[in-house]
Amino acid sequence: RGTTKDSEERAHTVRDPQQSAKKGPEPRLLGTSGGEGEKKGHRKVTLPTVSNYTIRDAEDGDNAKPQQGSKPETENKLEMVAGKGDGSQQQDWDNAEWESKPLCDFSNFRANVCEMRGNIRIHPNASSVMYMEPASSKRNELWKLKPYPRKGDELCLSKVTELTVKSSKVAPECTKYHNVPVVVFALTGYTGNLFHDFTDALVPLFTTASEFNGEVQFLITDMAIWWTRKYHVVFKKLSNYPLIDFNKDTDVHCAKHAIVGLHAYMEFTIDPSKAPHNYTMVDFNRFMRRTYELPREAVSALGEIPKAKPRLLIISRQRTRMFLNLPEIIAMAEGLGFEVVVEEANVSSDLSQFSKVVNSVDVMMGVHGAGLTNCVFLPHNATLIQIVPWGGIEGVCRIDFGDPAEQMGLRYKQYSIAVHESSLTDQYPLDHEIFKNPLAFHKGFEFIKETFMDKQNVRLDCNRFKPVLLQTLDLLNQ
């Protein structure tokens, strides 16, 4: 279960840019030509999730307290040489509010984000982002961050390039100009696990960049080419411009508006009170359906479509947390009137096809795991049923999928298995402590994961589980 503590430690780890490549189509990727993001981060939090470990907050102790800053002026093509400018042209984005704001916000426990408006220089070779200030300015800011939303997770961030964001009166001259906002973020870390693809990358990217309606340029550090290919339709929907590989780029990029890092909140969710334009998970759910051109916006009440049976998708697993009696489960569901579809979701799944399967059903069920992340493709008011393995991990399961599902406008049911439904009974006697007091085994998420997730399968008691499906049918009648 998640715990909360105060912390004032720094999380600066070594740079280890990661590049990987696989075969496949290469739509609009790694563009290095010009073409062409917004704000918000103190506690120590441990959030166990389906595949990773901890989020420990860390505050950057080097960050200087900013003073009053003056706005730099910018000509149409930002043709300023460092320190020069006549201040004659005031821009809407260069106002008193932005003058006085610090360049970065490190108050969010999950992610550090810097946002600047003015004359900005992004220099990949130096891993730096510079806010150009006039000679009279006393801003004098310097911040260091790793633009991936797992703040304080040293294992994860050890793979992420550290960037320096600073105010400066001197900088290299521009070689590439962007007339749209620029968003700089990392794609390594835990990406590759479907849950983390969404909670660490796609949801934060939507939250940060959606407001620009495609008129935004992405600069990606630690780019995984195969990953950008897998989600190319998402990038294409969010940006009208080719992706730029930050680590391979040699230009000095100049822009009027830049965001470094992505806005992120609790797992797989958006906080409307803090998100730009009060975006919600309903917005994200709608965005994913439209991005993948899925036909169903909402489920239909039973009986609206003559002779149509409610469709149930069972997410199967092949290594851990498997259903040991899948044929029996299918027969029971079909006996209740469901048309049953069984699919396995994994990192190699073709999302364009798998999303259509998910969107076609009224109910999706599966044991706690990354495959449940596909609920983002369900139509509004569909039902997600999460099967919780034995081990007292109900809180983690609700945080990872229950809360996000409800925030997306889905109906949610959570079923915790009993001792006799767990394969752990094949490994331990029934009087073992693991059954009497499973919370005694909560010795950190790695231990919980190894004990209750990696070594446990489920033998669902169909008689005990049947009322959950009956309740779901009632929901579909509403």
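How many of the residues of helix α3 are buried? Select α3, residues 194-209: 16 of its 16 residues are buried, where buried means under 20% relative accessible area, exposed over 50% and partly exposed in between (1.4 Å probe, protein chains only). Helices (H or I, at least four residues) and strands (E, at least two) are DSSP runs, numbered from the N terminus.

Before going on, note that this is a predicted model, in which local features need pLDDT of at least 70, side-chain atom pairs count only at pLDDT 80 or more, and totals for chains, interfaces and linings use all residues. Residues are numbered from 1 along each chain as its sequence is written, and side-chain values use heavy atoms, with hydrogens and water left out.

**Confidence**

Colour the model by pLDDT, the predictor's confidence in each residue, from 0 to 100. The protein averages 83, and 78% of the residues score at least 70. Now select residues 1-95: here the pLDDT is below 50, and the stretch has 305 contacts in the model beyond near neighbours in sequence (contact means heavy atoms within 4.5 Å).

**Along helix α3**

Go to L202 in α3, where there is a kink of about 30°, shortly before the proline P204. The bend at a residue is the angle between axes fitted to the seven residues ending there and the seven starting there.

**Aromatic pairs**

Rings of Phe, Tyr and Trp (its six-membered ring) pair if their centres lie within 6.5 Å; planes under 30 degrees apart count as stacked, over 60 as edge-to-face and the rest as tilted. By this rule there are 20 aromatic pairs. Select F198 and F284: their ring centres are 6.2 Å apart and their planes stand at 85°, so the pair is edge-to-face. F198 lies in α3 and F284 in helix α6 (residues 281-291), so the pair ties together parts that are 86 residues apart in sequence. F198 is buried at 1% relative accessibility, and F284 is buried at 0%.

Next, select W390 and F435, a tilted pair with 6.5 Å centre to centre and 50° between the planes. W390 is buried, with a relative accessible area of 17%; F435 is buried at 8%.

**Strand β12**

Finally, select β12, residues 253-260, where 7 of the 8 residues are buried. Two strands pair if DSSP finds at least two bridges between them. Strand β4 (residues 113-123) runs antiparallel to β12, joined by 7 bridges, and R117 stands opposite H257. Strand β8 (residues 176-178) runs parallel to β12, with 3 bridges; Y177 has C254 as its bridge partner. Strand β9 (residues 182-186) also pairs with β12 in the parallel sense, over 3 bridges, and V182 has A258 as its partner.
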